[in-house]
Amino acid sequence: MIRKSGIRNEFEVHNERFLYLSLGNTWVERLHTGTLWAEGPVYFADGDYLLWSDIPNNRMLRWAGGHVSIYRDFANYSNGNTRDHQGRLITCEHGGRRLTRTEPDGAIPFWSISLKGRS
């Protein structure tokens with residue numbers, strides 16, 4: 001294991017093959033602690049915030065303005081997030097075995113695609 005200093009933090013490199021992915025003027029910054037398994041980060045540049053899934057705690061978190069808050073509680077164990085061409089949040093929900101689309105007002109329309117019964 002190698003310790004490499006970034007501009008803001010120090011982080012550990014467990015496999016040297018990935019060192020080429022870090023640039024000398026970049027850094028790794030810890031935004032939050034308290035998640036056991038975080039996944040699916042998606043950045044909303046238009047709102048200057050980051051969303052990600054906290055799978056074991058069944059919630060989605062939001063980082064904005066230097067603070068973390070709960071974006072969605074009981075998130076059906078969401079484990080992947082992206083945005084569509086209109087900028088809406090698309091989420092893969094493990095618990096509901098479906099894809100959902102979240103509108104800008106937070107509504108999740110009924111169109112959500114269910115994957116139940118498929119392997």
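## Largest pocket

About 170 Å³ of space lies in the largest pocket of this predicted model. The lining of the largest pocket consists of 13 residues. Those nearest the centre of the pocket are Phe44, Tyr49, Tyr71, Glu103 and Pro104. By residue class, the lining holds 6 nonpolar, 3 polar and 4 charged residues.

Rolling a probe the size of a water molecule over the atoms shows where empty space is left.

## Overall architecture

The protein chain contains 10 strands and 0 helices. Along the sequence, the pattern reads β-β-β-β-β-β-β-β-β-β. The protein chain has 119 residues, and 26% of them count as buried. Among the contacts in the protein chain with a separation of 6 or more, 17% come from residues 24 or more positions apart.

## The sheet S3-S4-S5-S6

An open sheet is built from 4 strands in the order S3-S4-S5-S6, with antiparallel pairing. Strand S3 (38-44) and strand S6 (67-73) are the edge strands, and each of them pairs on one side only. From one strand to the next, the twist averages 25 degrees. Strands of a sheet pair through backbone hydrogen bonds, either parallel or antiparallel.

S3 and S4 are joined in the antiparallel sense by 5 bridges, with Val42 opposite Leu51 in S4. On the other pairing, strand S4 (residues 49-54) and strand S5 (residues 59-64) run antiparallel and share 6 bridges. Trp52 stands opposite Leu61 in S5, and Asp54 has Arg59 in S5 as its bridge partner.

## Burial of S4

How many residues of S4 are buried? The count is 6 of the 6, so strand S4 is largely enclosed by the rest of the structure. Buried here means under 20% relative accessible area.

In a regular strand the side chains alternate between the two faces of the sheet. In S4, Tyr49, Leu51 and Ser53 point one way, while Leu50, Trp52 and Asp54 point the other way. Both sets are buried.

Most residues other than glycine have a negative phi, and most peptide bonds are trans. The hairpin of S3 and S4 has 4 residues between the strands, and Asp48 there takes a positive phi near 55 degrees. Asp48 is not a glycine; this residue lies in the loop between S3 and S4. Is Asp48 buried or partly exposed? Asp48 counts as partly exposed because its relative accessibility is 46%.

The hairpin of S4 and S5 also has 4 residues between the strands. In this hairpin Asn58 takes a positive phi near 55 degrees.

Strand S7 (residues 78-83) pairs with S8 in the antiparallel sense over 5 bridges. Within this pairing, Asn81 has Thr91 in S8 as its bridge partner. S7 and S8 form a hairpin with 5 residues between them, and Gly87 in the turn has a positive phi of about 85 degrees.

Strand S8 (residues 89-93) also runs antiparallel to strand S9 (residues 98-102), and 5 bridges join them.

## The loop between S8 and S9

Arg97 is found in the loop between S8 and S9. Although Arg97 is not a glycine, its phi is positive, at about 45 degrees. With a relative accessible area of 40%, Arg97 is partly exposed.

Gly96 is found in the loop between S8 and S9 as well. Why does Gly96 count as buried? Its relative accessibility is 13%, and the cut-off for buried is under 20%. The C-alpha atoms of Gly96 and Tyr77 are separated by 7.9 Å; along the chain these two residues are 19 residues apart.

Methods. Residues are numbered from 1 along each chain as its sequence is written. This is a predicted model: local features need pLDDT of at least 70, side-chain atom pairs count only at pLDDT 80 or more; totals for chains, interfaces and linings use all residues. Side-chain values use heavy atoms; hydrogens and water are left out. Two strands pair if DSSP finds at least two bridges between them. Helices (H or I, at least four residues) and strands (E, at least two) are DSSP runs, numbered from the N terminus. On a 1 Å grid over the protein atoms alone, a cavity is a set of points where a 1.4 Å probe fits but cannot get out, and a pocket is an open set with protein on both sides within 12 Å along at least five of seven lines; lining residues have an atom within 4 Å of a point. Grid points are joined across faces, edges and corners, and a volume is the space filled by probe spheres set on the points. Ala, Val, Leu, Ile, Met, Phe, Trp, Tyr, Cys and Pro count as nonpolar, Asp, Glu, Lys and Arg as charged, and the others, Gly among them, as polar. Axes are lines fitted to C-alpha atoms, for helices over the stretch in contact, and angles run from 0 to 180 degrees between N-to-C directions. Buried means under 20% relative accessible area, exposed over 50%, partly exposed in between (1.4 Å probe, protein chains only). Contact means heavy atoms within 4.5 Å.
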